[in-house]
Amino acid sequence: MENEHTGSRRNHWTFLTNHARVLIAIARDPGVRLRDIAAGCDLTERTVQAIVTDLETDGYLTRTRDGRRNRYAIAPGARFRHPAEAGLEIAGLLAYLTGPHGTAPTPTPPATTTTATADDAPHGDGALPLV
């Protein structure tokens, strides 16, 4: 018996929801057209419109008219909805995913030399202390 975790569907999952993809597209270009978001996210315009309405209703963005087009602004301080990320602002994720040319920032390479201290020694369970 196939369910959502087996068969052909298993290879089609993604890390980001459609709501996240739409919000990222708006963060990259606040004047973007819904049809362009739909094309970039592989969604219908109607689905994108519903997602934008959800995001606006829940306070994640505001929409204003700019001539014949809409302009969007992401709410400062907007936070994730899921309890697992409770209290975290979405701004950090959006900044990471909307880096230069739509790529994530280059990670800082690790230091090549370190000096071990007594605090670096494993604590019973093998974990390093939290700083």
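These legends walk through several close-up views of one predicted model.

**Before you start: how to read the views.** In this predicted model, local features need pLDDT of at least 70 and side-chain atom pairs count only at pLDDT 80 or more, whereas totals for chains, interfaces and linings use all residues. Residues are numbered from 1 along each chain as its sequence is written, and side-chain values use heavy atoms, with hydrogens and water left out.

**View 1. The whole chain at a glance.** Four helices and two strands make up the secondary structure, and along the sequence they come in the order α-α-α-β-β-α. Helices (H or I, at least four residues) and strands (E, at least two) are DSSP runs, numbered from the N terminus. Of the 131 residues in the chain, 18% are buried. Here buried means under 20% relative accessible area, exposed means over 50%, and partly exposed lies in between, with a 1.4 Å probe and protein chains only. Among contacts (heavy atoms within 4.5 Å) with a separation of 6 or more, 35% are between residues 24 or more positions apart.

View 2. Helix α1 covers residues 18-28, and its buried residues are V22, L23, I24, A25 and I26. Leaving out residues up to four places away in sequence, V22 touches I37, C41, L43, V48, I51, V52 and L55.

**View 3. The largest nonpolar core.** A nonpolar core is a set of buried Ala, Val, Leu, Ile, Met, Phe, Trp, Tyr and Cys residues joined through side-chain atoms within 4.5 Å. The largest one has 21 residues, of which V22, I26, I37, V48, V52, L55 and L61 touch the most other members. Helices α1, α2 and α3 are the elements that give two or more residues to this core, and α1 gives the largest share, with five residues. As background, nonpolar side chains tend to be buried together in soluble globular proteins.

**View 4. C41, in helix α2.** C41 sits in helix α2 and is buried, with a relative accessible area of 15%. Not counting residues up to four places away in sequence, C41 touches R21 and V22. A25 is 16 residues from C41 along the chain, and their C-alpha atoms are separated by 8.5 Å.

View 5. Move on to D42, in the loop between α2 and α3. Although D42 is not a glycine, its phi is positive, at about 60 degrees. D42 is exposed, with a relative accessible area of 71%.

View 6. Strands β1 and β2 run antiparallel and are joined by six bridges; two strands pair if DSSP finds at least two bridges between them. T62 has A73 of β2 as its bridge partner, and D66 is partnered by R69 of β2. Two residues lie between the strands of this hairpin, where G67 takes a positive phi near 70 degrees. Also in strand β2 is N70. Leaving aside neighbours within four places in sequence, N70 is in contact with P30, G31, R63, T64 and R65.

**View 7. The largest pocket.** About 490 Å³ of space lies in this pocket. Its lining has 18 residues, and T17, H19, A20, F80 and R81 are the closest to its centre. On a 1 Å grid over the protein atoms alone, a pocket is an open set of points where a 1.4 Å probe fits, with protein on both sides within 12 Å along at least five of seven lines; lining residues have an atom within 4 Å of a point. Grid points are joined across faces, edges and corners, and the volume is the space filled by probe spheres set on the points. Helices α1, α3 and α4 each supply at least two lining residues, and α1 supplies the largest share, four residues. By class, the lining has eleven nonpolar, three polar and four charged residues. Ala, Val, Leu, Ile, Met, Phe, Trp, Tyr, Cys and Pro count as nonpolar, Asp, Glu, Lys and Arg as charged, and the others, Gly among them, as polar.

**View 8. R81, beside the pocket centre.** R81, one of the lining residues closest to the centre of the largest pocket, belongs to the loop between β2 and α4. R81 is exposed, with a relative accessible area of 63%. Not counting residues up to four places away in sequence, R81 touches D58 and Y60. From C-alpha to C-alpha, R81 and D58 are 9.8 Å apart in space, and they are 23 residues apart in sequence.
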